[in-house]
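I opened this model to look up its charged pairs, its sheet and its surface. My notes follow.

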Amino acid sequence: MMNEDKSYHALREYGLPDNETKDLLSVSKVRTIHASEYFISAGDIPRKLAFVLNGLFRYVYIDGSGKEFTKSIIAERNFIVSYSAMVRSQPSYFFIQAMED
């Protein structure tokens with residue numbers, strides 16, 4: 001229940017209306033993603049999004065030689081998603097990786 005309360009309050013602070021917050025939470029689950037784990041991998045067709053309660057994530061590209069390029073850093077209380085890939089049902093061009101537990 002505490003995670004649900006924390007999620008509810010964080011989403012309300014983000015600006016979601018009460019009814020939309022409740023709808024979102026009714027189809028959501030709280031998950032822990034540890035440092036260095038990927039939420040979405042390049043090449044996968046994304047079918048999920050997340051709201052970050054705690055921690056940092058990064059959007060990262062890896063070129064053909066294996067060199068990493070960080071596109072952006074996402075702080076807590078923001079959504080993470082490979083949006084254009086998800087709505088087009090196409091593979092993501094980048095990874096979404098947790099930077100801390």
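I counted a salt bridge where a side-chain nitrogen of Lys or Arg lies within 4 Å of a carboxyl oxygen of Asp or Glu. The model is a predicted one. By this rule I get three salt bridges.

I took Arg 77 and Glu 13 to begin with; their closest N and O atoms are 2.4 Å apart. Arg 77 sits in the loop between S4 and strand S5 (79-80) and Glu 13 in helix H1 (residues 2-14), so this pair ties together parts 64 residues apart in sequence. Arg 77 is partly exposed at 32% relative accessible area, while Glu 13 is exposed at 59%.

I then checked Glu 68 and Arg 58, whose side chains meet at 2.5 Å, N to O. The pair ties together parts ten residues apart in sequence, because Glu 68 lies in strand S4 and Arg 58 in strand S3. Arg 58 counts as buried, since its 12% falls under 20% relative accessible area. Glu 68 is partly exposed at 40%.

Lys 22 and Asp 18 form a salt bridge of 3.2 Å. Both lie in helix H2 (residues 18-26), four residues apart, about one turn of the helix.

For the sheet, I read the order S1-S6-S3-S4, open and antiparallel. Its edge strands are S1 (38-40) and S4 (68-74). S3 (residues 57-62) and S6 (residues 95-98) pair over four bridges; Tyr 59 has Ile 96 as its bridge partner in S6.

On the surface I noted a nonpolar patch of Tyr 61, Phe 69 and Tyr 93, with about 350 Å² of accessible area together. Tyr 93 is exposed at 65% relative accessibility and lies in the loop between helix H3 (83-88) and S6.

Key:
Residues numbered from 1 in each chain as written. Predicted model: local features only at pLDDT ≥ 70, side-chain atom pairs only at ≥ 80, totals over all residues. Heavy atoms only, no water. Pairing = 2+ DSSP bridges. Helix = DSSP H or I, 4+ residues; strand = E, 2+ residues; numbered from the N terminus. Patch = residues over 30% accessible without salt bridge, like charges linked within 9 Å, V, L, I, M, F, W, Y side chains within 5 Å. Areas by Shrake-Rupley, 256 points an atom, 1.4 Å probe, with all protein chains shown as cover. Buried < 20%, exposed > 50% of the residue type's maximum accessible area, 1.4 Å probe, protein only.
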